[in-house]
Amino acid sequence: MIFKTDRLILRPWTEEDAEDLFRYASDPDIGPIAGWLPHQSIEESRKAIKTYFFSRSEAYAVCMKTESRTIGAIELKLAGYTDIAQKDNECELGYWIGKPFWGQGMIPEAAQEMLRHAFEDLDMTKVYCAYYDGNTNSKRVQEKLGFKHQWTTEGIEIPLLNEVRTGHVNALTKEEWLTISE
């Protein structure tokens, strides 16, 4: 599937996205705040596309409509790909965007379309979204979208970074989304 917003195209990943993915995923301010290591090579980014993004049906490249280049990622993590959502009609929203695009409202724009897709097309009843302490950008996105705090967990092990963090989980129900989106 391909989704369009005012400024963005959300589309399935291709191997041709590896260079753009590496450009932003190699930035040390992107991955570690979300719990993953910066990419070290274009080949590593290509492998991530093949093994990670291709294997998940609701993983999309976030692309600029005007240039069609990949600037980030967004995904609805369905049952089996998330440890937060507990039912088949619940999922988890995940996202990141390259630093040059921070503060421009691109991820809230993309996430609004993903929420529409989750609730209208996939018939989800609840969408979760999480962030680690210190990730104020992600926290603000979730607040803008209407997510409400569910729980906080301390002592979450992040094996890729050899760290322990505090995580915050928020959620938005279909009923809440319908009220906000009207």
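Start with helix H3 (42-53) and select Lys47 and Thr51, the exposed residues carried by the face of H3 turned away from its buried side. Exposed means over 50% relative accessible area, buried under 20%, and partly exposed in between, with a 1.4 Å probe and protein chains only. Helices (H or I, at least four residues) and strands (E, at least two) are DSSP runs, numbered from the N terminus.

Before moving on, note that this is a predicted model, in which local features need pLDDT of at least 70 and side-chain atom pairs count only at pLDDT 80 or more, while totals for chains, interfaces and linings use all residues. Residues are numbered from 1 along each chain as its sequence is written, and side-chain values use heavy atoms, with hydrogens and water left out.

Now select the buried residues of H3: Ser45, Ala48, Ile49 and Phe53. Down the axis of H3, these buried residues fall within an arc of 100°, so they line one face of the helix. The arc is that of the directions from the helix axis to the C-beta atoms. An α-helix has 3.6 residues a turn, so residues three or four places apart point the same way. What covers this buried side? Show helix H1 (18-25), strand S3 (59-64) and strand S4 (70-77), which are included in the cover.

**Leucine 37**

Step back to the loop between helix H2 (31-34) and H3, where leucine 37 is placed. Its relative accessible area is 42%, which makes leucine 37 partly exposed. Leaving aside neighbours within four places in sequence, leucine 37 is in contact with Leu160 and Leu161; contact means heavy atoms within 4.5 Å.

Next select cysteine 91, in strand S5. Is cysteine 91 buried or exposed? At 0% relative accessibility, cysteine 91 counts as buried. Beyond its neighbours within four places in sequence, the contacts of cysteine 91 include Leu76, Leu78, Ala118, Met124 and Tyr128. The C-alpha atoms of cysteine 91 and leucine 122 are 9.9 Å apart, although the two residues are 31 apart along the chain.

Glutamate 109 is the stop in helix H4. Glutamate 109 is buried as well, with a relative accessible area of 14%. Which residues does glutamate 109 touch, not counting those up to four places away in sequence? They are Thr5, Asp6, Arg7 and Leu8.

Most residues other than glycine have a negative phi. Select aspartate 123, in the loop between H4 and S6: its phi is positive, about 60°, although it is not a glycine. Then go to asparagine 162, in the loop between strand S7 (148-158) and S8. Asparagine 162 also has a positive phi, of about 55°, and is not a glycine. At 73% relative accessibility, asparagine 162 counts as exposed.

**Helix H5**

Select residues 136-145, which form helix H5, and colour its buried residues Ser138, Val141, Gln142 and Leu145. They fall within an arc of 95° seen down the axis of H5, so they line one face of the helix. Which elements do they pack against? The partners are strand S5 (90-97), helix H4 (106-121), strand S6 (126-132), strand S8 (163-173) and helix H6 (174-181).

**The whole chain**

Finally, zoom out and show the cartoon. The protein has six helices and eight strands, in the order β-β-α-α-α-β-β-β-α-β-α-β-β-α along the sequence. Its radius of gyration is 16 Å, close to the 16 Å that the globule rule gives for 182 residues, so the protein is as compact as a globular protein of that length. The radius is taken over C-alpha atoms, and the rule is 2.2 Å times the number of residues to the power 0.38. Along its principal axes the C-alpha trace spans about 40 × 40 × 30 Å. Buried residues make up 49% of the 182 residues. Among contacts between residues at least 6 apart in sequence, 63% join residues at least 24 apart.
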